Amino acid sequence: MTAQRGHRKEKHFIIATAGHVDHGKSALVKALTGTDPDRLPEEQRRQITIDLGFAELDLGTANGERVHAGVVDVPGHEDFVRNMIAGVGSIDLALFVVAADDGWMPQTEEHFQILTYLGVQRIIMSLSKSDLGNVDGVTAQIREKLRGTPFINCRIVPTSVRTGEGITDLKNALARELGKLRPPRDIAKPRLFVDRAFTLRGAGTVVTGTLSGGSIRRGDEVYVQPQNIPARVRSIQNHGRDVEIAEAGMRTAMNVPDLSIGESGIQRGDLITVQSLGSADSIMDVLVHRSARPKRNFAAPRAIRNGSSVQVHFGTSRSAAKITFLDVPALAAGQSAIAQLRLDAPVLAFVDDRFVIRDSSEQNTIAGGRVLDPDGDSAKFRCAAQVQFLRARAAAPLDPAVCIQSQLARDGFAESKTLLLKSNFSAAEVAANVTRLAEEGALISRSVIVGSAKKWRELCDRAAAFIEDAHRKNPERCGVELIDLRGRLGSEPAVFEGLVEDLCKSGFVRVGTAIARKSHRASLPPQIRAALGANKLNPPSRKELARDRESQAALRFLIEQAEITDLDGDIVLLSNVSEKMRETVIAFISKHGPATASELRQELGTSRRIVIPFLESLDRAGVTRRVGDKRALRRMM
Ligand SMILES: Nc1nc2c(ncn2[C@@H]2O[C@H](COP(=O)(O)OP(=O)(O)O)[C@@H](O)[C@H]2O)c(=O)[nH]1
Ligand SMILES: [Mg+2]
């Protein structure tokens, strides 16, 4: 019944808390939502958040709109940073908590860096425990910490769950921020990083996560990555209510009874998608950035040297990885570098997806980054084409045109339907950019492929040169067999199809299974010429004339080119001979009136074998018509 609350009209967002342990994050979530996010018995006993907690918040915005926020409460303790990172992927806003009696602490800093590495765009600061402490001093400290960051002007709201101070202000501030946001992007590529997987008695396996990139409907077939196992979604819930469809920006619980829990089935870190968006890969080329922020408040991380082992946190997953820099020996604070990550466990990543890097002992967050190529290749990492590709994307990872052009510059061609499939651009965005770039002449777009304009020209030129060369070397052939041309160029079928299409618009012509320059005239193979010339009016049959495949092809081409006339599939004549014969027939009948086949045979000086099919061909062509056993001219009737 509660499912009828009109979820689809509401905007859905995800808020996550962040901040040092014991700063009052969970208490604040409870004060805002009425739900205690510390749900585990151990959490309640130890009074500490260990794993992610969840709550929901309904807010009215200034313009009367309702927004619904799923709230993810994260642990602040340094032992559980891994869980914290799993909670803050795909969020719209961070509720960042700093306690007035404690100020900016080590995990305050670490969480702040994690949010920055993950590209979180909006933060609201809660100066918690305002009843205990030094509000002005800590406000000044926070402003100092935010200097030089995009969050310098973010709201700082003093709150106390003891006195109730600021809770309404904080709600209003959240409503104002979320009210300004557009709904989370729906690019028809839903992904749900699993943050919990458990068995519910009577229902079977249930997984939860934050859905982004698109929607998933009850009954859909989904795929679990990286294993790529299909499963059926039996039911979906959003904060305990059944829903037909989960949309981007919703906390989502899915009942997937086909799956077992664990490594062979599903577990935290796995990714659910609705269609096969390609396969997961364990090598990705990335742009890594290391924060320039002073490390005063926590142990200095070890240098990230080329070849180091690190832990990569991607979505809700974590994997050991080896990092190889393209062109620096180590990554210093404040620097960015192109690198390749070789992960122990594959991930299905998209271009521009964010990740966080921690040191191998999981003591410190040391860097973050974005994916440039989700399908890296260790053998090609340093090859010139890949380097150029990575540099272009590193300079403008958000620009679809740059992503398209860098790929075509590297690969030459791509299938339209898979171009940038593993990206955060929708198919429509990709297509619109392809169209624009094609109009500008930067690329070519054919029925199923797109290609770099330069590579396309090169390919066309090679094809043309090959065909011309073949005409020169084998003038008796009507053209180049398409299959030979494709083999010679080494093109994919789709590319080749587009190529032939283009060649046929620019001076070439398809002749059966071959292609030729339009102006090309196969010269008659000498034996055919001799045979046709020796007995012009009574030539041998087509089978006798062209005994092999090649001569037959040449004959076919000449028939199509109208140099040879095919009377009935078996008898052929040189076209100039058949033209003369036709004039003779017209002249004879004009002079003597309708004539028999025998009279005409005599006049033409040919045989009965030839004259009958010849006269029938004149009938078909509308030159003559039969009147009894005679032929009359049609136009005289
Ligand atoms: N005096 C005071 N204590 C608070 C306030 N908020 C939380 N606390 C206490 O601080 C402790 C840690 O709170 P908790 O919400 O678990 O912190 P978290 O680790 O950031 O989630 C608990 O004992 C809370 O009762 C507050 O506004 N004022
Ligand atoms: Mg907590």
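A polar contact is a pair of N or O atoms within 3.5 Å. Keep that cut-off in mind as you move through this structure, which is a predicted model.

**Stop 1: ligand 1**

Start by selecting ligand 1 and showing what surrounds it. There are 15 residues around ligand 1, and D22, K25, A27, D131 and V161 come nearest. A polar backbone atom of H23 is 3.2 Å from an oxygen atom of the ligand. For G24, a polar backbone atom is 2.9 Å from a ligand oxygen. S26 also takes part, with a backbone N or O atom lying 2.9 Å from an oxygen atom of ligand 1. How much of the ligand's accessible area does the protein cover? On its own, ligand 1 has 580 Å² of accessible area, and the protein covers 83% of that.

**Stop 2: H23**

Next, select H23 by itself. You will find H23 in the loop between β1 (11-18) and α1. Is H23 buried or exposed? H23 has a relative accessibility of 1%, so it counts as buried. Follow its side chain, which reaches the backbone nitrogen of A99 at 3.1 Å. Leaving aside residues up to four places away in sequence, H23 touches several others, including V97, V98, D102, M105 and S128.

**Stop 3: the magnesium ion**

Now select ligand 2, the magnesium ion. Which residues coordinate this ion? They are S26, through its OG atom, and T49, through OG1, at 1.9 to 2.1 Å. S26 belongs to helix α1 (residues 25-33), while T49 sits in the loop between α2 (41-46) and β2 (53-60), so the pair ties together parts that are 23 residues apart in sequence. Colour the two residues by accessibility and look again. S26 is buried, with a relative accessible area of 12%. T49 counts as buried too, at 8% relative accessibility.

**Stop 4: a three-stranded sheet**

Finally, switch to the cartoon view and select strands β28, β29 and β30. They make an open sheet in the order β28-β30-β29, with antiparallel pairing. Which strands stand at the edges? β28 (480-481) and β29 (508-511) do, each with a single partner strand, so one side of each has no neighbour in the sheet. Strands of a sheet pair through backbone hydrogen bonds, in either a parallel or an antiparallel way. Zoom in on β29 and β30 (residues 514-517), which run antiparallel and are joined by four bridges. To see one bridge pair, select R510 together with its partner in β30, I515.

Note on methods: Residues are numbered from 1 along each chain as its sequence is written. Chains are lettered from A and ligands numbered from 1 in the order in which they are written. This is a predicted model: local features need pLDDT of at least 70, side-chain atom pairs count only at pLDDT 80 or more; totals for chains, interfaces and linings use all residues. Side-chain values use heavy atoms; hydrogens and water are left out. Donors are N, O and S atoms within 2.8 Å of the metal (3.2 Å for Na, K and Ca); water is not among the atoms, so sites may look incomplete. Helices (H or I, at least four residues) and strands (E, at least two) are DSSP runs, numbered from the N terminus. Buried means under 20% relative accessible area, exposed over 50%, partly exposed in between (1.4 Å probe, protein chains only). Two strands pair if DSSP finds at least two bridges between them. A residue is near a molecule or strand if one of its heavy atoms lies within 4 Å of it. A polar contact is a pair of N or O atoms within 3.5 Å; within protein, one must be able to donate a hydrogen and the other to accept it, and residues adjacent in sequence count only if both atoms are side-chain atoms. Accessible areas come from the Shrake-Rupley method with a 1.4 Å probe; for residues, only the protein chains shown count as cover. Contact means heavy atoms within 4.5 Å.
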